[in-house]
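Subject: Structure handover and notes

Dear colleague,

Here is the structure you will be taking over. My notes on side-chain contacts, surface and backbone follow below it.

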Amino acid sequence: MSLKTFYNRFIYSFPIQLVVMHFKKNQIMMLYWLLLFAFITESIAKKFGVPFLFLDPEYMGKVGVTSFFIMGTSLGAFIMSFNISSFILNSFRFPFLATLSRTFLKYAHNNFIIPLAFILVYCYQIINFQYYNQLKPIEEISANLIAFITGIMVVMTLTLRYFMHTNKDIHKLFGVKHADDDETAPIRIYDTNDTSFSRRNNWRVDTYINFPLKVKIVRDTRHYKRYMLERVFRQNHINAAVVEIVVFSTFIILGLFRDYAWFRIPAGASVMLLFTMFIMLSGVFRYWLKAWANTALIMTFILLNLLSKFEVVNPRSQAYGLNYKGTKAIYSKESLINSVNDSIQTADIKHTQAILNKWKAYWTAKGVDKPKMVLLNVSGGGLRSCVFTFRTLQMIDSVYGGELMKHTALICGSSGGMISATYYRELFLDKKAELLKANASGDDHLLRNTGKDLLNSLSVSATVSDLFLNMQGFSDGRYRYIKDRAYAWEEQYNENTGYVLNKRLRDYYEPELNAEIPMMIMSPTIINDGRALHISAQPISYMLQSPGLEHSSLQQAPNGVEFSRFFKDQDASNIRVTSALRMNSAFPYIMPAVSLPSDPAIEVMDAGIRDNYGTMNSVQFMYIFRNWIEENTSGVVMIQIRDTYKQAKVENNSVKTIFEKMLAPMRNVSGNFIIMQDYSFDRYLEYASSFLNTPLEYILFQMPETQEKISLSWHLTEKEKNFLKDAPLNTENREALNKLTTILPVKVYRPEAFLKRY
């Protein structure tokens, strides 16, 4: 064989030509592969933990052979859908296929390059991730890989066996001998002047691979009748459609029964199935509509966009416990102005002063005439902040003998930090003995609850339900709501934490009123106009504006909305605590914005958009009660727990390419908005020092700066969990703890004993 012949037979081999054909004709299919490659190589969405869905799949709370087997089956389904859809769309380009035995099997066998490359890269990434990030032993990783590959092979084998038994080739249909059995048939000669059916509709293929690795020459097909070839392909296409129906049915079943743990497949698997659905649907569009496919697709998107404004088609995410069926609260400039006045604020200030008096009475009974008032500020940051905040609270509280919550008058913040602070406060209220025992012994079971995965259930619901089956509902007392990914998030969080926060906002009114626990203010951002929605079990109209300013020309309307008072007629006090936390943590795109029962509808998102640490709330609180603080305390201690390093190194954000130049303005603003908040909040604290006539001390506990940033996600790796577990104990945070104990003394402080416990 000459070098030129070898070159032609390689370049024009069926596997190579299929790859060329995919990139030339099937760019949408290639986009799905590109996204999957980017996910598993951690090239995109790493900040939000999306690659973890694929590299660390979780099923029923565990990562192991079962979860990896399910991931394998979903990948097998995706690969076979890729084969089926591309076969339906492109088989006419390769008429020689219709003359072969087991037509589809030949096609799938030769269409191996892209799937095999993906599987190899995927396996490498799994090994690397599980070993270095999840700290798993080689034996466990090997078992997981075997389960993963087994899952792929099971689906592919079953699918191919189905086609073997149902597909009919040219011999079965017409009694014509297969071309791959007829070695005497002439070899196909590539002729640029050939205008026959087979030449007009395909491009050159000289060789193909016969199972398993035998290379065969493509035989001439011009002597076959056109209708024979078309009928073979049509019969194969009909059988392929049956497989598509099975996949679609599986998707629907998973959505219908997602409340049962057995049906909550790993989120990465649900993403694979979603892509499988998209590939099949796009294939159907292109096959039936031909040249009209793109036009029909555009018109479909336009129609869906028009229909989405109707809530029946696109239901909004709601806060559970609120009444959405009755009269709506009127959200306007006038209603906001009328919602607060001096008499209301004066009454609320007296109400809170009564709480502060009870707070002080606790310390007076212990012989402290003027106690230090602690204000606790915690930052957002998904599970990263959840774990770091809870661990830091454990560390501080173990030093103070379980009385940190009694020292604290107010807790503010956003997202993950507030979730953990609320969980910690609830444990102090109802499970104090268990909490203090865990803090004293170094038992991590409560800490582990804060780090359990939330991304899996959220992602599964988003992919298998929100897009197709967003009509399922559930009842919460007298009211009924739609099940969406927000519902999945709340249910999973309650399950992770033993349902200790399965309470209503009103359940904290008495404990806060009696100063058994600190007051807490959540302030998600109203995305309609940028105001804050202040959620508290107590009346706090003084947080909207300072008394005496309702007629000021500088401020014609409050800069926030008091949730309990504004939505009183919508049963505000009945809202689930987890729904309030969800509103305070609704990061854009990951969690849906929450719509409230007002006209027009108020929509809220993460508090961190406006105030990531709760600093503005704390400063406003200090200003309103500055006289009481001066008369009754020896000063204020503001403890800030943050999951980012405040003095972070300056990053190189210089523009290198045209694409980066286009994205630079938005990228730099969005990437630095937390840093910009720091600049502003430092000024706030300076102003607070000027109006307080008592000492204001600022104690900072912060996550150490890391070479590789921990993802802002609802999922953490074992390596990240271990880091966050130790982070509060680093030198800098121990110095902060030492400083705190000098300002807020303890009877016995033995940090060495504490560090030994942990």
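**Backbone notes**

Tyr-499 counts as partly exposed, because its relative accessibility is 42%. Please keep in mind throughout that this is a predicted model. Tyr-499 sits in the loop between H22 and helix H23 (509-513), and its phi is near 60 degrees, a positive value in a residue other than glycine.

Leu-135 is another such case: phi is near 60 degrees, again positive in a residue other than glycine. Leu-135 belongs to the loop between H7 and helix H8 (138-166), and with a relative accessibility of 48% it is partly exposed.

There is also a cis peptide bond, running from Asp-599 to Pro-600, with omega near -5 degrees. Pro-600 is in the loop between strand E14 (598-599) and strand E15 (603-605).

**Salt bridges**

The structure has 21 salt bridges. One of them joins the side chains of Glu-490 and Arg-582, at 2.7 Å from N to O. This pair links distant parts of the chain: Glu-490 is in helix H22 and Arg-582 in helix H25 (residues 577-583), 92 residues apart. Glu-490 is buried, with a relative accessible area of 0%, and Arg-582 is buried at 1%.

Glu-490 and Arg-582 also belong to a network of salt bridges, in which they are linked with Asp-476, Glu-491, Arg-504 and Arg-576.

- Arg-565 pairs with Glu-562, with the closest N and O atoms 2.6 Å apart. Arg-565 is partly exposed at 33% relative accessible area, whereas Glu-562 is buried at 5%.
- Arg-683 pairs with Glu-686, with the closest N and O atoms 3.0 Å apart. Both residues lie in helix H28 (residues 658-691), 3 residues apart, which is about one turn of the helix. Arg-683 is partly exposed at 37% relative accessibility, and Glu-686 is partly exposed at 45%.

**Aromatic contacts**

How many aromatic pairs does a search of the whole structure find? The search returns 32. Among them is the pair of Phe-52 and Phe-129, which is tilted, with 5.4 Å centre to centre and 40 degrees between the planes. This pair links distant parts of the chain, with Phe-52 in helix H4 (residues 50-55) and Phe-129 in helix H7 (residues 113-132), 77 residues apart. Phe-52 has a relative accessible area of 4% and is therefore buried; Phe-129 is buried at 1%.

Tyr-320 and Tyr-487 form an edge-to-face pair, 6.4 Å centre to centre and with 70 degrees between the planes. This pair, too, links distant parts of the chain: Tyr-320 is in the loop between strand E3 (317-318) and strand E4 (329-330), Tyr-487 is in helix H22 (residues 485-496), and they are 167 residues apart. Both tyrosines are buried.

Ring pairs also link a cluster made up of Trp-33, Phe-37, Phe-78, Phe-82, Phe-118, Tyr-122 and Phe-148.

Charged side chains are found over rings as well. The charged end of Lys-406 sits over the ring of Tyr-362, 4.4 Å from its centre. Arg-425 lies over the face of Tyr-508, at 4.7 Å from the ring centre.

**Surface patch**

A nonpolar patch on the surface is formed by Ile-28, Leu-297, Phe-301, Leu-303, Leu-304 and Leu-307, which together have about 530 Å² of accessible area. Which element gives the most to this nonpolar patch? The answer is helix H13 (residues 293-307), with 5 residues. Leu-307 is in helix H13 and is partly exposed, with a relative accessible area of 32%.

**Cysteines**

The structure has 0 disulfides. Cys-386 is buried, with a relative accessible area of 2%, and Cys-412 is buried at 0%.

Regards

Note on methods: Residues are numbered from 1 along each chain as its sequence is written. This is a predicted model: local features need pLDDT of at least 70, side-chain atom pairs count only at pLDDT 80 or more; totals for chains, interfaces and linings use all residues. Side-chain values use heavy atoms; hydrogens and water are left out. Patches are made of residues with over 30% relative accessible area and no salt bridge: like charges are joined within 9 Å, nonpolar side chains (Val, Leu, Ile, Met, Phe, Trp, Tyr) within 5 Å. Accessible areas come from the Shrake-Rupley method with a 1.4 Å probe; for residues, only the protein chains shown count as cover. A salt bridge is a side-chain nitrogen of Lys or Arg within 4 Å of a carboxyl oxygen of Asp or Glu. Helices (H or I, at least four residues) and strands (E, at least two) are DSSP runs, numbered from the N terminus. Buried means under 20% relative accessible area, exposed over 50%, partly exposed in between (1.4 Å probe, protein chains only). A disulfide is a pair of cysteine sulfur atoms within 2.5 Å. Rings of Phe, Tyr and Trp (its six-membered ring) pair if their centres lie within 6.5 Å; planes under 30 degrees apart count as stacked, over 60 as edge-to-face and the rest as tilted. A charge sits over a ring if NZ of Lys or CZ of Arg is within 6 Å of the ring centre and within 35 degrees of the ring normal.
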